[in-house]
Amino acid sequence: MKETTYLQENKRLMEFLKSVPVFEPFDQNEINSLVKISKLKMYQDGECILQEGSADTWLYFLVQGTVRIIKGDQEITVLRRRGDIFGEMGVIAVAPRSASAYAVGSTICLSTDFSRIESFHKEDKVLMGYVLYRIFSEILVLRLKETTNELMKIKGKAGLKFW
């Protein structure tokens, strides 16, 4: 893995982030605050991005490439869309990672270290708290919808009655 230092405001990166649906509601200052606690990390094919059972405070946004999410020895999902987010469960729960993530081919992630929020001034902490919880809320809503759809498919296949 190769990584940059913590990022500064960068026009190309800002344009990318504004093109990602989860960042559309945020203004320039909010995105700048996020960028200051982020790094770009580049991975090679098969390289582990995060390991099930490990603990850290990094949240990942897919910039380029593909990421496989694995729990135990079972593939959970494959992320391919720019802006796909992973690693949020470890940050939200402040608990060991519930799954592993591996690069498929050359992969670049914007990696955000939420432990660095503690170094912000009070107003900036509040701002980052808002950004963080807004992102997490959107992720959780999307994942809940996906889980509900999968449950409905399983119930339909098993011939079970719905509520």
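The model is predicted; local features need pLDDT of at least 70, side-chain atom pairs count only at pLDDT 80 or more, and totals for chains, interfaces and linings use all residues. Residues are numbered from 1 along each chain as its sequence is written, and side-chain values use heavy atoms, with hydrogens and water left out.

Strand β4 spans residues 58-71. Helices (H or I, at least four residues) and strands (E, at least two) are DSSP runs, numbered from the N terminus. Of the 14 residues of β4, 10 are buried, so the strand is largely enclosed by the rest of the structure. Buried denotes under 20% relative accessible area, exposed over 50%, and partly exposed the range in between (1.4 Å probe, protein chains only).

Two strands pair if DSSP finds at least two bridges between them. The bridge partner of Phe-61 in β6 is Ile-85. In β5, Thr-77 is the bridge partner of Ile-69. The hairpin of β4 and β5 has two residues between the strands, and Gly-72 takes a positive phi near 65° there.

The structure holds two aromatic pairs. Tyr-6 and Trp-58 form a stacked pair, 6.3 Å centre to centre with 10° between the planes. Rings of Phe, Tyr and Trp (its six-membered ring) pair if their centres lie within 6.5 Å; planes under 30 degrees apart count as stacked, over 60 as edge-to-face and the rest as tilted. Tyr-6 lies in the loop between β1 (2-3) and α1 (11-19) and Trp-58 in β4, so the pair ties together parts that are 52 residues apart in sequence. Tyr-6 is partly exposed, with a relative accessible area of 23%. Trp-58 counts as buried at 14%. In the pair of Tyr-60 and Phe-86, the ring centres are 5.1 Å apart and the planes at 10°, so this pair is stacked. Tyr-60 lies in β4 and Phe-86 in β6, so the pair ties together parts that are 26 residues apart in sequence.

Two lysines sit over rings of the Tyr-6 and Trp-58 pair. Lys-39 lies over the face of Tyr-6, at 4.6 Å from the ring centre. The charged end of Lys-41 sits over the ring of Trp-58, 3.8 Å from its centre. The criterion is NZ of Lys or CZ of Arg within 6 Å of the ring centre and within 35 degrees of the ring normal.

Lys-39 is placed in strand β2 (residues 38-43). Lys-39 counts as buried, at 12% relative accessibility. Its side chain makes a polar contact with the side chain of Glu-3 (3.2 Å). A polar contact is a pair of N or O atoms within 3.5 Å; within protein, one must be able to donate a hydrogen and the other to accept it, and residues adjacent in sequence count only if both atoms are side-chain atoms. Beyond neighbours within four places in sequence, the contacts of Lys-39 (heavy atoms within 4.5 Å) include Tyr-6, Trp-58 and Leu-110.
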